[in-house]
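Good morning, colleagues. Please have the sequence and the model open while I speak.

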Amino acid sequence: MGAGMIPYGHHTIEDDDVQAVTEALRSGQIVQGPVVKGFESDLAGYCKIDHVVAVSSGTAALHAALVAYGIRDGQNVIVPAITFAATAGAVLAVKANPIFVDVDQEKLHIDPARIAQILRRGSAKVSAVIAVDYGGQPCDYEALRQVLDHAPGGRKVVLIADAAHSFGARIAGRPACRAADLACFSFHPVKTITTGEGGAIVTDFPEIARRARAFRDHGRDQGVAYTAGLNYRMSELHAALGRSQLRKAGRFLVRRWEIAEKYSYCFRDVPGVSTPPSHYNNDSAWHLFVVRVEAKKRNAFRAALADRGVGTQVHYRPVYDHPVYSQWRTDCPVADREAARVVSLPIYPGMTDKEVEHVIDSVRAVAKVVLT
């Protein structure tokens, strides 16, 4: 990205973050120490949940979650057609089969009605559903629960939240991560808070947490390997940064809300630009601010914004468009249509008011030339 470019997302690292990592580095124990346990305890309090397992990435969290629930060779896991490739990659990692399901047109969340159709057909026995909180807005977990609780034959279908986008989001005033059987966070630099690289599993089920904790440490429980596992441990350095960042999560979220509110107001009458649903509110983590434009004009729109120093991104192409997942391609007309229209605009806590205004002015100017 060129000099002076405003990126679509960026981390916010402050002096206290640097100090926290420095202290951990000088502590004499930089792996498997008290800071990771402290971060897990802090997260449990923030999420109002019983068990937290910190891991090395959001992808590791998804992989460990599937292992903890016993998802394995040949089983089927429903995944939304629009998500980051890691969601489906974790399914392949346990040698299960991804079943891609279309999304709703408004929020680009996995469509409960489509899931219900698959379960009613019964031709593909489903063991788990991974719901992705696209853009930071929580999925309709109540509708998903209704569908899964009435699965034919009383079959238990695990509901996992890929909450990589939605750390800090809420549903009716409660942490959104509590709505599924288990939620997986990512602490990549563009997320609500960052550990550099890192992730976490949060759940109220102690046995699932125990299995996930063992899997992240070579399958060991109290030093004895009872099953195969991997090294998915989080270091003390990453956890120290996470603890420092977590203390500022509220401030970071408020800034995202402010930017999203301003964008929504200023783009409401821009020809050719469709903004997120108007009823989004402070329950969203606003990881992304996604507008939609005419598909055949998207490349020109993004190029013109780049010329003005505004970086954008596309979240995402349908997962089955990646060659490694093409054999599971299925009919998802909404995902195919909307994925060709989406454009993510810059939104992150460190954006200055001047940068926000520049994005607004640029979108308005470019839309007049490119989209009309």
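Predicted model: local features only at pLDDT ≥ 70, side-chain atom pairs only at ≥ 80, totals over all residues.

Which residues does D217 touch, not counting residues up to four places away in sequence? With that exclusion, D217 touches Q32, L230 and R233. D217 itself belongs to the loop between helix 7, residues 206–215, and strand 10, residues 220–221. Its relative accessible area is 13%, so D217 is buried.

Is S166 buried or exposed? Its relative accessibility is 3%, and because the limit for a buried residue is under 20%, S166 counts as buried. The side chain of S166 forms a polar contact of 2.7 Å with the side chain of D133. Leaving aside residues up to four places away in sequence, S166 touches D133, G136 and A285.

I come now to helix packing. Two packed helices are described by the angle between their axes and the distance between the axes. Helix 1, residues 15–25, packs with helix 8, residues 236–246, at an angle of about 150°, and the two axes are 8 Å apart. How are these two helices oriented to each other? Angles over 145 degrees count as roughly antiparallel, and helix 1 and helix 8 are therefore roughly antiparallel to each other. Their crossing is right-handed. On the helix 1 side, the contact is made by D16, D17, A20, V21, A24 and L25. Helix 8 contributes E236, L237, A240, L241, S244 and Q245. By class, the residues of this contact comprise 7 nonpolar, 2 polar and 3 charged.

T22 is partly exposed, with a relative accessible area of 23%. The C-alpha atoms of T22 and L241 are separated by 9.5 Å, while the two residues are 219 residues apart along the chain.

Helix 10 passes helix 12 in a right-handed crossing. From helix 10, A300, F301, A304 and L305 meet S362, V363, V366, V370 and L371 of helix 12. This contact has 8 nonpolar residues, 1 polar residue and no charged residues.

Finally, some points of backbone geometry. K95 has phi near 65°, a positive value in a residue other than glycine. K95 is in the loop between helix 4 (85–93) and strand 3 (97–101), and its relative accessible area of 58% makes it exposed. L108, also not a glycine, has a positive phi of about 60°. The loop holding L108 runs between strand 3 and helix 5, residues 112–121. At 2% relative accessibility, L108 counts as buried.

Which peptide bond is cis, with omega near 0°? I refer to the bond from H315 to Y316. Y316 is placed in the loop between helix 10, residues 298–307, and helix 11, residues 333–339.

Thank you for your attention.

Note on methods: Residues numbered from 1 in each chain as written. Heavy atoms only, no water. Axes fitted to C-alpha atoms, helices over the stretch in contact; angles between N-to-C directions. Helix = DSSP H or I, 4+ residues; strand = E, 2+ residues; numbered from the N terminus. Parallel < 35°, antiparallel > 145°, perpendicular 65-115°, else oblique. Left-handed = near helix turned anticlockwise from the far one by under 90°. Contact = heavy atoms within 4.5 Å. Nonpolar A, V, L, I, M, F, W, Y, C, P; charged D, E, K, R; others polar. Buried < 20%, exposed > 50% of the residue type's maximum accessible area, 1.4 Å probe, protein only. Polar contact = N/O pair within 3.5 Å; in protein donor to acceptor, adjacent residues only side chain to side chain.
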